[in-house]
Amino acid sequence: MEVKERLTQFITHLGIPTRSFERRIGAANGYINSMRKGISLAKLERILREYPELSRDWLLTGEGEMLTPVTGGPQPAGPSAEPVETRPVIPYNAAAGLLSGDVPGVTLTQCEQRPLVRQFPPYAFSIIARGDSMLPVIESGDELACQPLPSGAFIEWGRCYVLDTAQGIIVKRLYEGADGTLLCRSYNADYPDFTLPKTDVRTICRIVGLIRTNI
């Protein structure tokens with residue numbers, strides 16, 4: 001069951017017309033029927049704001065119960081409010097050097113912060129993918145949750161990684177290359193393989209989760 005089917009199940013639970021639900025979340029007529037597999041973060045936040053009883057984890061992954069306890073209505077922010085854990089999200093074209101701390105005076109904590117997606121394995125930040133070289137697995141606009149690997153850490157060949165390199169940010173499947181290089185491969189067969197000297201790589205980040213923001 002995908003997000004679309006779970007949303008439809010929740011609307012059925014509410015006992016309201018789909019159009020009424022779409023109007024309340026600020027969506028166009030037919031929004032639910034036209035959904036693909038994912039949901040934008042902005043729309044997700046609007047849905048959860050309008051329907052706080054809906055479980056975020058259940059909606060995104062199907063895990064747990066559909067409804068979460070809601071008592072006393074929205075709680076005002078203040079010293080007693082539980083802080084929301086967040087992670088920085090950075091655009092693809094602004095990430096080069098930032099992932100490894102090579103941009104003087106700029107840190108990940110200064111980037112836009114979004115709530116932590118708790119169903120993902122631990123991750124340090126997320127990045128917005130660009131381009132079509134990783135289609136059909138990764139689409140332009142997808143948000144990739146990333147965890148930097150320690151220096152010398154084991155690399156699973158054939159797995160997709162985000163690399164901060166001297167040439168910029170690269171999202172590719174990695175393989176062992178010859179003479180101290182990494183073989184970089186796209187999912188999209190229109191893009192040829194290429195090698196990258198390991199010395200050109202500042203940081204290698206494992207992709208531990210993906211949120212599809214284009215629907």
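**A walk through the predicted model**

The protein's accessible surface comes to about 11700 Å² (Shrake-Rupley method, 1.4 Å probe), and 53% of it belongs to carbon and sulfur atoms. Keep in mind that this is a predicted model, where local features need pLDDT of at least 70, side-chain atom pairs count only at pLDDT 80 or more, and totals for chains, interfaces and linings use all residues. Residues are numbered from 1 along each chain as its sequence is written, and side-chain values use heavy atoms, leaving out hydrogens and water.

Now for the inside. Of the 215 residues, 43% count as buried, meaning under 20% relative accessible area, with exposed over 50% and partly exposed in between (1.4 Å probe, protein chains only). The largest nonpolar core has 28 residues; such a core is a set of buried Ala, Val, Leu, Ile, Met, Phe, Trp, Tyr and Cys residues joined through side-chain atoms within 4.5 Å. Leu 7, Phe 21, Ile 39 and Leu 54 touch the most other members. Apart from it lies another core, of 18 residues, including Cys 111 and Val 162.

Finally, look at α4. Its buried residues are Leu 41, Lys 43, Leu 44, Ile 47 and Leu 48. They fall within an arc of 160 degrees seen down the helix axis, so they line one face of α4; the arc is that of the directions from the axis to the C-beta atoms. Ala 42 and Arg 49 are exposed on the face turned away from the buried side of α4.

Technical notes. Helices (H or I, at least four residues) and strands (E, at least two) are DSSP runs, numbered from the N terminus.
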